[in-house]
Every structure is written in structure tokens, then in C-alpha cells.
Amino acid sequence: MLKQIIRKALAARGFAVFRTSGRYMQDGLFTLHQDHFRRDRDFQEAYRRGLQAIRNPHAEFEWRVHIALWAATASLRVPGDFVECGVNAGLISSAVLHRLRWNGLDRRFFLLDTFSGPVLEQFSREEIARGRRAVAENAIAAGGYVTDLSRVRANYSEWPNAIVVPGVVPDVLPGLDIGAVAFLHLDMNCVYPERAALEFFWDRLSPGAMVLLDDYGYFGHDLQAGAMDAVARAPGADILSLPTGQGLIIRGGSAVL
């Protein structure tokens, strides 16, 4: 319905000329600009692998995955392992592993999650007041989080260097055998674990490493954005806000770009 309303509004204002050019309306993002990456064979294969992980062939997260694949590919220019905190079913990481042909790389991908949904006790009073914990509770009740660890392990079984780590962030972080990090993806829908994870990995990020924040600019997640800004700005960094709702940091030599 929303797509039909937008199309009618554009047509009424003379935008029908864009009918054969890029026009994207998915996942909270609408643009008339080119979306030619969607026709790239490598992207399509990686995206399908991500959809296979979440068992939803009709999910519409293409631009979000496109950003993740770009950041992950750029991360190959610097040394270090890959880390994802907040895996759930594995949409992003599965697409990345497939696209980068992971078995041909001498790197590890650490995949951290409770595999039972967000830790409700980690939500702050302010998040609770704004309804963020209620959103998590409803998602858990509706089966929005994967709790079958055997399913998760089976999904990643084709990549021996993809290491599934069940546990609560930040509690499990000190026990990880991780040195340099080239790519960090945070998607835990809660301020405390995301802030703690970014602080923990900050000094482990290689110069040129990519940090992708899934919810940085997403509607209703402004408390997460504020917390990430505070962590990044301490060493003089800024976070690029993307229209997909994601945020991006590129680690510099002595600071972050």
C-alpha cells in the first residue's frame, strides 16, 4: 500500500520519467537513484545465501546487505579477523561469508549471540520507558529470534573458520582468542552490549578496519546512536549515518575517519 501511495504521489508530480531508472522501496528506504548492484550476479548469489540462513526467500534487505558486503570486502585490505555481535539467524554474516569465498581466506569469523534473543536485563530504564524492551519481548514471543543452536551451526558448517560463540556480550568477550580485527558488525538492538562491544574491540581494530552498526540510524534506535557517538568521539571519530539505518566507521591510524 505504501509503495502504491508513493508511486501515485511521484506520478502526480511528474516523476514518471524515472520509471525505467533506479527506484528502490524496501526496508524503510526509498530512492529514485540507481540500484544496479541488485543485478550483479555475485551480489545476487550472496543475498540468496543470506536469505537461505533466515529461511525467508522474500525478505527485503538488499541495500542493507549491499552495504555490509562493501564494508566486508574493503576490510580484506587490512589484517585481522571478522566479528559479528548479534547474529540471530545469520543474514548478514552468511552473505558475507559466501561473497568473500571464506574458505579461501586465512581468517576467522567469530559469530557471537545469545541465540535466545536480547538479554532483557540489559535494557536501561530509558530504553524501557521508550518501549525498546517491549519490542524485544514481543519479538521473542513471536519467534523472531533463532533459539535452535543446531540450526545455526548447520548454517555455518560449510565454513570451518566461521566460529559460532553462544553467550552474552560483553561477558564472553574476554575469553575470545582474538587479536587484530578487520571487520566488526554490531546488531544487538540494545545500548549496553553494543557500547561495551565497541569499547572492547576499539583498540583491536586494524587501521582501515570497518565497523558496521546495523541500527545506528534506524527508526526508534536513537539511544543506541547516542551511545555509539559517545564511544567513537572519545578518540576523535565520527560515524557515517547511512539511509539504510546503518552506521559506518573506518578505523584510521591514530584516529577514526
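This is a predicted model: local features need pLDDT of at least 70, side-chain atom pairs count only at pLDDT 80 or more; totals for chains, interfaces and linings use all residues.
1. Overall composition. The protein has 257 residues, and buried residues make up 49% of them. Its secondary structure comprises nine helices and nine strands. Of the contacts between residues at least 6 apart in sequence, 72% join residues at least 24 apart.

2. The largest nonpolar core. This core holds 42 residues, and the members that touch the most others are Val65, Phe82, Val96, Phe109, Tyr156 and Phe183. At least two residues each come from helices H2 (41-54), H3 (62-75) and H4 (91-99), and from strands E4 (109-113), E5 (162-166), E6 (181-186) and E7 (205-213). The largest share, eight residues, is supplied by H3. As a general background, nonpolar side chains in soluble globular proteins tend to be buried together.

3. Phenylalanine 109. Apart from neighbours within four places in sequence, phenylalanine 109 is in contact with Phe82, Val83, Glu84, Ser93, Val96, Leu97, Trp102, Asn161, Ala162, Ile163 and Phe183.

4. Helix H8 and its cover. Helix H8 spans residues 191-201, and its buried residues are Val191, Pro193, Glu194, Ala196, Ala197, Leu198 and Phe201. The elements that cover these buried residues include E3, helix H5 (125-129), E6, E7 and helix H9 (222-233).

5. The pairing of H8 with H9. The axes of the two helices come within 9 Å and cross at roughly 20°. An angle under 35 degrees counts as roughly parallel, and H8 and H9 are therefore roughly parallel to each other. Their crossing is right-handed. On the H8 side the contact is made by Val191, Glu194, Arg195, Leu198 and Glu199, which meet Leu223, Gln224, Ala227, Met228 and Val231 in H9. The residues of this contact divide into six nonpolar, one polar and three charged.

6. Glycine 80. This residue is placed in the loop between H3 and strand E3 (81-85). Is glycine 80 buried or exposed? Its relative accessibility is 17%, so glycine 80 counts as buried, the cut-off being under 20%. Not counting residues up to four places away in sequence, glycine 80 touches Arg107, Ala180, Val181 and Ala182. The C-alpha atoms of glycine 80 and isoleucine 178 are separated by 8.6 Å, although these residues are 98 residues apart along the chain.

7. Aspartate 214. The loop between E7 and H9 contains aspartate 214. With 8% relative accessibility, aspartate 214 counts as buried. Which residues is aspartate 214 in contact with, leaving aside its neighbours within four places in sequence? They are Arg64, His185, Leu186, Asp187, Gly245 and Gln246.

8. Methionine 25. Strand E1 (residues 24-26) includes methionine 25. The relative accessible area of methionine 25 is 11%, so this residue is buried. Methionine 25 and tryptophan 63 are 38 residues apart along the chain, and their C-alpha atoms are separated by 9.9 Å.

Definitions and conventions
Residues are numbered from 1 along each chain as its sequence is written. Side-chain values use heavy atoms; hydrogens and water are left out. A nonpolar core is a set of buried Ala, Val, Leu, Ile, Met, Phe, Trp, Tyr and Cys residues joined through side-chain atoms within 4.5 Å. Buried means under 20% relative accessible area, exposed over 50%, partly exposed in between (1.4 Å probe, protein chains only). Helices (H or I, at least four residues) and strands (E, at least two) are DSSP runs, numbered from the N terminus. Contact means heavy atoms within 4.5 Å. Axes are lines fitted to C-alpha atoms, for helices over the stretch in contact, and angles run from 0 to 180 degrees between N-to-C directions. Angles under 35 degrees count as roughly parallel, over 145 as roughly antiparallel, 65 to 115 as roughly perpendicular and the rest as oblique. A crossing is left-handed if the near helix is turned anticlockwise from the far one by less than a right angle, and right-handed if clockwise. Ala, Val, Leu, Ile, Met, Phe, Trp, Tyr, Cys and Pro count as nonpolar, Asp, Glu, Lys and Arg as charged, and the others, Gly among them, as polar.
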